[in-house]
Amino acid sequence: MDVALEIADREGLDALTMRAVADRLDVRHTSLYRHVASRDELLVELVDHMLGEVGLPGPGPDWRADTEAGAREYRRVIRAHKALVPLIPRGQLLGPNALRAREHGLRLLTQAGWPPAPAVRIYLTVTHYVVGAVVLDTGGAARTAEQRAAMADLFTSLPAGRHPLVTTHSALLGGPDGDEEFDFGLRCLLDGIAAQERSL
């Protein structure tokens with residue numbers, strides 16, 4: 001799987017074929033089918049292999065700090081393998097590393113005192129927020145400083161009066177980068193969960 005991940009990271013998913021992996025390993029590509037039945041299966045296993053890189057935070061007294069640390073670590077790993085990001089929302093992640101992370105996240109919450117139902121909701125909500133943010137980041141929504149400046153210029157040049165708030169706040173709209181947006185959203189999400197702690 002390390003070879004497959006290296007190909008995907010360097011050349012993209014289109015370059016990741018059974019033959020390319022076999023060539024890199026210096027074996028016949030037909031021999032790979034003893035390990036995976038198809039390229040689709042290879043991709044599923046590759047995503048789980050990537051998730052094995054996620055460092056799981058140890059349980060502490062603060063469920064929020066632990067959950068935040070886990071969210072940031074999950075984001076770090078999947079952003080490091082951008083070619084695989086489109087594969088994550090395609091289906092349930094059921095490999096051993098995905099199940100290990102799911103078990104760990106739920107344990108952090110339940111050991112902190114959350115009842116099972118809200119613990120599951122919190123875990124899923126935070127996980128989905130991370131995945132959604134990374135999908136947008138890697139899909140072009142996260143812009144370089146130059147691109148954000150160009151976007152602000154575009155907003156400023158809109159016809160006067162047609163979109164007054166967009167024009168007035170053009171610098172602010174083009175200001176935050178992906179990290180700033182993620183940090184703000186994660187804080188708001190966890191603030192909201194903490195505020196509802198007794199009613200969830």
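**Exercise 1.** At what angle do α1 and helix α3 (residues 39-51) pack, and how far apart are their axes?

*Solution.* Begin with the source: this is a predicted model, in which local features need pLDDT of at least 70 and side-chain atom pairs count only at pLDDT 80 or more, while totals for chains, interfaces and linings use all residues. Residues are numbered from 1 along each chain as its sequence is written, and side-chain values use heavy atoms, with hydrogens and water left out.

Next, recall that two packed helices are described by the angle between their axes and the distance between the axes. Here axes are lines fitted to C-alpha atoms, for helices over the stretch in contact, and angles run from 0 to 180 degrees between N-to-C directions; helices are DSSP runs (H or I, at least four residues), numbered from the N terminus. The angle between α1 and α3 is about 90°, and their axes are 10 Å apart. That makes α1 roughly perpendicular to α3, a term for angles of 65 to 115 degrees.

Finally, list the residues that meet, where contact means heavy atoms within 4.5 Å: Asp2, Ala4, Leu5 and Ala8 from α1, and Leu42, Leu46 and His49 from α3. By class, this contact has 5 nonpolar, 1 polar and 1 charged residues.

**Exercise 2.** Describe how α1 (residues 2-11) and α2 (residues 18-25) are placed.

*Solution.* The two axes come within 10 Å and cross at roughly 115°, and α1 and α2 are therefore roughly perpendicular to each other. On the α1 side, Val3, Ala4, Glu6, Ile7 and Glu11 take part, and they meet Ala20, Val21, Arg24 and Leu25 in α2. By class, this contact has 6 nonpolar, no polar and 3 charged residues.

**Exercise 3.** Is His104 buried or exposed?

*Solution.* First place the residue: His104 lies in helix α5 (residues 96-111). Its relative accessible area is 14%, and buried means under 20%, exposed over 50%, and partly exposed in between (1.4 Å probe, protein chains only). His104 is therefore buried. Leaving aside neighbours within four places in sequence, His104 is in contact with Leu56 and Pro57.

**Exercise 4.** How many helices and strands does the protein chain have, and how spread out is the chain?

*Solution.* The protein chain has 10 helices and 0 strands, a strand being a DSSP run of E with at least two residues. The radius of gyration, taken over C-alpha atoms, is 21 Å, well over the 16 Å that the globule rule gives for 200 residues, so the chain is more spread out than a compact globule. That rule is 2.2 Å times the number of residues to the power 0.38.

Key: Angles under 35 degrees count as roughly parallel, over 145 as roughly antiparallel, 65 to 115 as roughly perpendicular and the rest as oblique. Ala, Val, Leu, Ile, Met, Phe, Trp, Tyr, Cys and Pro count as nonpolar, Asp, Glu, Lys and Arg as charged, and the others, Gly among them, as polar.
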